[in-house]
Amino acid sequence: MPLFLFAGQSNMVGNVDRDLLTKLMSELAQGPPATLQQRLTADLKSWYDTWNGGYASYGYSSAMVDLEARELIRLHGAGLVDADLAQPISTIYCKFDKPVPSLLGLTCGQPFGPELVFGRALAATRYVPAAFVKVAQGGTSMYTNWLPPTAATRTGRPMGPLYTGLSRSIKSLQTSPADIHPNCAKQQCRWSALIWFQGENDCFEKASADEYQENLRDLIADVRSEIGNPNLPVIILEMGAWAQSLKYGSTVLAAQKAVVNADSRARLVLTADLSGFYHYDSAAQLIMGARVADMLIPML
C-alpha cells in the first residue's frame, strides 16, 4: 500500500476559508455554464475585497481570479471538484494532528490543503488504498524548525523539532503501522513520495535564505535515507507570489528551482499564478492539489 508524506508550513496545513469553498461549490453545482465563469470570478473578488476587513485585497488580481475560475470549471468537469468534497474518500486515510488516522476529507488540515484534490485524483487510479501523513505547522523555517540532521551536523545548529516529528512519522511504519492505516499492521505498506510546501519564513533573513538550497537538498536526502529509497519521488510546491515579494524571496525561490533541477526524481509545482494572499484561497488549494497529482502520479 502506498503512503505519502506531506510536510511544510501554513499553506500545507491549509488555512482556507470554508465558507468561500461552500459558495464556489454551490456555483459549480447550479450552472448555467453561460454565466458560471462570471459568477465564480465575482465570488472570488468579493472574498478578496471583504476577507478580514479587506486585508486580503492586496492578493487580488483579475488575471488570477479568471485563471482560478477557469481551472475550477475544468476540474469540476473532470469530476475532481464538486459538492462531494465534504464526503470522506473511502480508500484513503489521512493523519494530521490526531493520534489515529481518519478517512480523507475536510479533516486533514484547516480544513484542508493540497492533499484533498490530490487524493481525489489518486482515488481514480490503481494506487489505492493509500494513506497520507501530514506534518505541518505555520510560521516555521527550514533554518531552525525543519533543519535536517545532515544540515545540523554541517552547521553546528540543533536539528529542527519538526524534522524530528517528520522522522518519527517515517519510523512509525515500523513501530506502530496501524497508526498510519489500519491495514498496515497486516500488509506491506511503503512510503511512496514526499510532498513539500514550505519556505516563506526563510525569506525574511539573508542567512536563512542563503542556506536554503543546501538545507532543502539535505532534507530530501535525509528523508530518502530514513525511508531507504534513494529514488523516492519528491514534489515541491513553489512559494507563491506573496513569498516571492519578500526581501529574500527570490533567493529561496531560486534555491527551490536549483534543487529540483539537480534531482531527476523531484518536480516543482507552479503556484505563483494563483492567490497573491499569504494564505492561498480555497480555489487555489484545490487547483494546487490537482497540479500535484499531474506531477506525481506519473512518477509512481
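Then select the buried set of helix 10, namely Gly249, Val252, Leu253, Ala255, Gln256, Val259 and Val260. They cover an arc of only 155° around the axis, which puts them on the same side of helix 10, the arc being that of the directions from the helix axis to the C-beta atoms. An α-helix has 3.6 residues a turn, so residues three or four places apart point the same way. What covers these buried residues includes helix 8 (206–227), strand 6 (234–237), helix 9 (241–244) and strand 7 (266–269), where contact is taken as heavy atoms within 4.5 Å. Helix 10 itself runs over residues 249–261 and reaches 18 Å from its first C-alpha to its last, close to the 18 Å expected at 1.5 Å a residue; the expected span is 1.5 Å times one less than the number of residues in the helix.

Before going on, note that this is a predicted model, in which local features need pLDDT of at least 70 and side-chain atom pairs count only at pLDDT 80 or more, while totals for chains, interfaces and linings use all residues. Residues are numbered from 1 along each chain as its sequence is written, and side-chain values use heavy atoms, with hydrogens and water left out.

Now show the whole chain, which has 11 helices and 7 strands; these are DSSP runs numbered from the N terminus, with helices being H or I of at least four residues and strands being E of at least two. The radius of gyration is 19 Å, close to the 19 Å that the globule rule gives for 300 residues, so the chain is as compact as a globular protein of that length; the radius is taken over C-alpha atoms, and the rule is 2.2 Å times the number of residues to the power 0.38. Of the 300 residues, 57% count as buried.

Next, select Phe4, Val81, Phe118, Leu122, Phe132, Ile195 and Leu286, which touch the most other members among the 62 residues of the largest nonpolar core. Such a core is a set of buried Ala, Val, Leu, Ile, Met, Phe, Trp, Tyr and Cys residues joined through side-chain atoms within 4.5 Å. Helix 11 (residues 282–296) supplies the largest share of this core, 9 residues. Centre on Leu286 and, leaving aside neighbours within four places in sequence, look for its contacts with Leu21, Met25, Leu72, Leu75, Val81, Leu85, Phe112, Leu116 and Val117. Apart from this core lies another, of 42 residues, among them Ala7, Leu173, Leu194 and Trp196.

From there, move to helix 2, whose buried residues are Leu20, Leu21, Leu24, Met25, Glu27 and Leu28. They cover an arc of only 155° around the axis, which puts them on the same side of helix 2, whereas Asp19, Ala29 and Gln30 are exposed on the other side. The buried residues of helix 2 pack against helix 3, helix 4 and helix 11.

Select helix 3 (residues 33–50) next: its 18 residues should span 26 Å at 1.5 Å a residue, and its end C-alpha atoms are 26 Å apart, which agrees. Its buried residues pack against helix 2 (18–30), helix 4 (62–77) and helix 11. Asn52, in the loop between helix 3 and helix 4, has a positive phi of about 50° although it is not a glycine, and it is exposed, with a relative accessible area of 56%.

What is the phi of Asn15 near? Phi of Asn15 is near 50°, a positive value in a residue other than glycine, and Asn15 is partly exposed, with a relative accessible area of 26%. Asn15 is also among the residues that Gln110 touches, together with Val13, Gly14 and Val16, not counting residues up to four places away in sequence.

Finish at Gln110, in the loop between strand 3 (102–104) and helix 5 (115–122), where the peptide bond from Gln110 to Pro111 is cis, with omega near -15°. A cis bond is also found from Val128 to Pro129, with omega near 5°.

How values were computed: Buried < 20%, exposed > 50% of the residue type's maximum accessible area, 1.4 Å probe, protein only.
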